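Please give a short report on the structure shown here. Begin with the overall build of one chain, then turn to the contact between chains and to some single residues.

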Amino acid sequence: MKIDVQALSARVHRTPLLTDVSLHIESGELFGLVGPNGSGKSTLMRCLAGLRRPILGRVIADDTDLGQMPARLRACRIAFVEQQADTTDRLTVREAVELGRTPYLSPLRRWGADDQAAVENALSSVEMDAFADRLWHTLSGGERQRVHIARALAQAPDLLLLDEPTNHLDIRHQLSLMALVRDLPLTRVIALHDLNQAMTCDRVGVLHKGRLIAAGPPANVLHEDLLARVFGVAAKSATAPDGAPRLHFSHAL
Amino acid sequence: MKMAAAPVRLVAGRGLWLSPLLLAAAIMAGTAIGETRLPFLTVLQTLANHLWGAGYPVDGIEAGIIWSYRLPRAIIAACSGAGLALTGVVLQALLRNPLADPYLMGLSAGASTGAVLVTVAGVGGGAISMSLGALTGALLAFGCVVALAHAVNGAAGGGRATQAAAAIILAGIAGSQMFNALTAFTIARSANAEQARGIMFWLMGNLSGVRWEDVWACAGVSLAGVALCLWYRRGLDAFTFGADGAASLGINVQALRGSLITATAIMVGVLVSKVGAIGFVGLVVPHAMRFLVGTRHDRLVPASALAGAVFLVAADVISRILVPGQVLPIGVVTALVGAPAFALILVRGGARR
Ligand SMILES: Nc1ncnc2c1ncn2[C@@H]1O[C@H](COP(=O)(O)OP(=O)(O)O)[C@@H](O)[C@H]1O
Ligand SMILES: [Mg+2]
């Protein structure tokens, strides 16, 4: 699914959260969204998910205005993994993933074989088959994040939105989650804190105080000048032993 | 304990088809047991006589007790228990708050105020029945709570649906306090000791004096409530990870929340207007049922409705036989059982975290 964000603005009362954001995301692309805390990443993700109505501008998903799309149809095409989504309910991993089929079911349409297949596939693509009958509250943070992604995949979306999915995960879980996301064959937009993880995206966009100030291939966008200006850090780009570009941060400015 | 949960769930899930039988048995027991214990056979014969004119020879007084007094009472207890438990399920799911229950929304406070204004302060000059007063009060209070929650949300800048849930709970507490104060004020101003005692009784739940006319209203709203909740079971499930989670699963959060909460408010309003304010059923039964059948609403809704019904029929029987020669307010019994049960749930819930 290709996404066209046209002159998008969002605000609460008179405080602008996003100002005049325009952005194009290609079909099948892994698009990283970076920016300091409070720069509007989550707000933009919520607009892309259709959860927040922009005050100006539009989001066009494959030629359809998101604001005009019925909620249920939207949920069949766009899946969203929120920054924080937890529950105190005692439900199993499988039940959590089954929620992803909600937009395909109706009070009269029963759970079918295709729903079951979608759930099983989603569970195995995040390698959580063995956890299917575990209760939610017994899972670690990384496992919960995987289940959230499985739930999103069970929606069989064309666009997957992930809001800082690697937060609070240890390094192994961060890397395996990024590897998982990189291999998914669909359009993905991922908000990230770790700029070196952002370096592995196809393209990145930089949000600063609610404005999109740069977008493009990570090596071109995340240069020393911008990192100093937006993130307030002194950084050097270097080539890692594996040949990929890596950012090295020395101190806060 | 974690290990034990799964088989219990399985058994409870499979046993669901038994529920109409269980409910019928509870109503039979509620009809047979009382100050004068009547044989089950007499109960069945009386039912057969009334339902299809079977013509069994049954003592007239006993038949009168069964048909005009105990049976409608047991049925209304069942309907009220089901309705209150169902409202707890809906509110706890939609507001994502384990403490949400029917009375949090100001319903019981408003019903009390309405009833007191009609009976004690003489509002309506006798043209309005206490039930109608209570129903009006309940819905008025509910309207105030919702309006207040909207105002709070508006001032906070709309924002996320999760905040809206917090706002409505705070608004519910404010509204309940306000209407309770109005009730206390009216009683203090106008009631004599006799009236005050009667009102106290009613406020704790009172099933005496219910008639067949009341049965139709109560059965109608609670059956409609069960049907509505089953129809929207997947929508209720979708709130597991919060309102935003539901929205991203394609649920129209505001519409679903608005219509289900309003529908359950009307249901509780009708029930409270007939039987008074019975506490703890709406709070405890849904939690207990989540332990037994899990959190999926296709099972939780029927299980809670059934358990609430059976629980309240049992509580009514206990309220009639616990102190010989005296009928306790049913709310006393539900609180005496419900409060420790709730404490147990809290402790067990705490232990597993
Ligand atoms: N409902 C709201 N009311 C007031 N301010 C908000 C609201 N939602 C977000 N904000 C503010 O908008 C800014 C952007 O937030 P967010 O999109 O969550 O940033 P990020 O995800 O990049 O950390 C923050 O300064 C935040 O405080
Ligand atoms: Mg954020």
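Of the 253 residues in chain A, 54% are buried. This is a predicted model.

**Chain A as a whole**

Chain A contains nine helices and 12 strands. Its C-alpha atoms fill a box of roughly 55 × 45 × 30 Å along the principal axes. How does the radius of gyration agree with that of a compact globule? A compact globule of 253 residues would have a radius of gyration near 18 Å, and chain A has 19 Å, so the two agree.

Contacts also reach along the sequence. Take the contacts in chain A between residues at least 6 apart in sequence: 63% of them join residues at least 24 apart.

Now the surface. Chain A exposes about 11,200 Å², and carbon and sulfur atoms supply 51% of that area. As for charge, chain A carries 29 positive and 29 negative side chains. The centres of these two sets lie 6 Å apart.

The size of an interface is often given as the accessible area lost when the parts come together. Here chain A and chain B bury about 2,900 Å² between them. Carbon and sulfur atoms account for 55% of that buried area. Which residues of chain A lose the most area to chain B? They are Arg90(A), Leu99(A) and Pro107(A), and together they make up 24% of what that side buries. The contact involves 41 residues from chain A and 28 residues from chain B.

The table gives their accessibility.

| Residue | Helix | Relative accessibility |
|---|---|---|
| Asp316(B) | α14 (residues 297–321) | 2% |
| Lys274(B) | α12 (residues 253–275) | 22% |

Is Asp316(B) buried or exposed? Buried means under 20% relative accessible area. Asp316(B) has 2% relative accessibility, so Asp316(B) counts as buried. Leaving aside neighbours within four places in sequence, Asp316(B) is in contact with Arg73(B), Ala77(B), Leu207(B) and Ile330(B).

Lys274(B) is at 22% relative accessibility and therefore counts as partly exposed. What does Lys274(B) touch, not counting residues up to four places away in sequence? Its contacts are Ser131(B), Asn206(B), Val210(B), Asp214(B), Ala217(B) and Cys218(B). One further distance involves Lys274(B): its C-alpha atom is separated by 20 Å from that of Ala307(B), 33 residues apart along the chain.

Note on methods:
Residues numbered from 1 in each chain as written. Chains lettered and ligands numbered in written order. Predicted model: local features only at pLDDT ≥ 70, side-chain atom pairs only at ≥ 80, totals over all residues. Heavy atoms only, no water. Helix = DSSP H or I, 4+ residues; strand = E, 2+ residues; numbered from the N terminus. Rg over C-alpha atoms; globule rule 2.2 N^0.38 Å. Buried < 20%, exposed > 50% of the residue type's maximum accessible area, 1.4 Å probe, protein only. Contact = heavy atoms within 4.5 Å. Areas by Shrake-Rupley, 256 points an atom, 1.4 Å probe, with all protein chains shown as cover. Lys, Arg positive; Asp, Glu negative; His and termini not counted. Charge placed at Lys NZ, Arg CZ, Asp CG, Glu CD. Buried area = accessible area lost by both parts, 1.4 Å probe.
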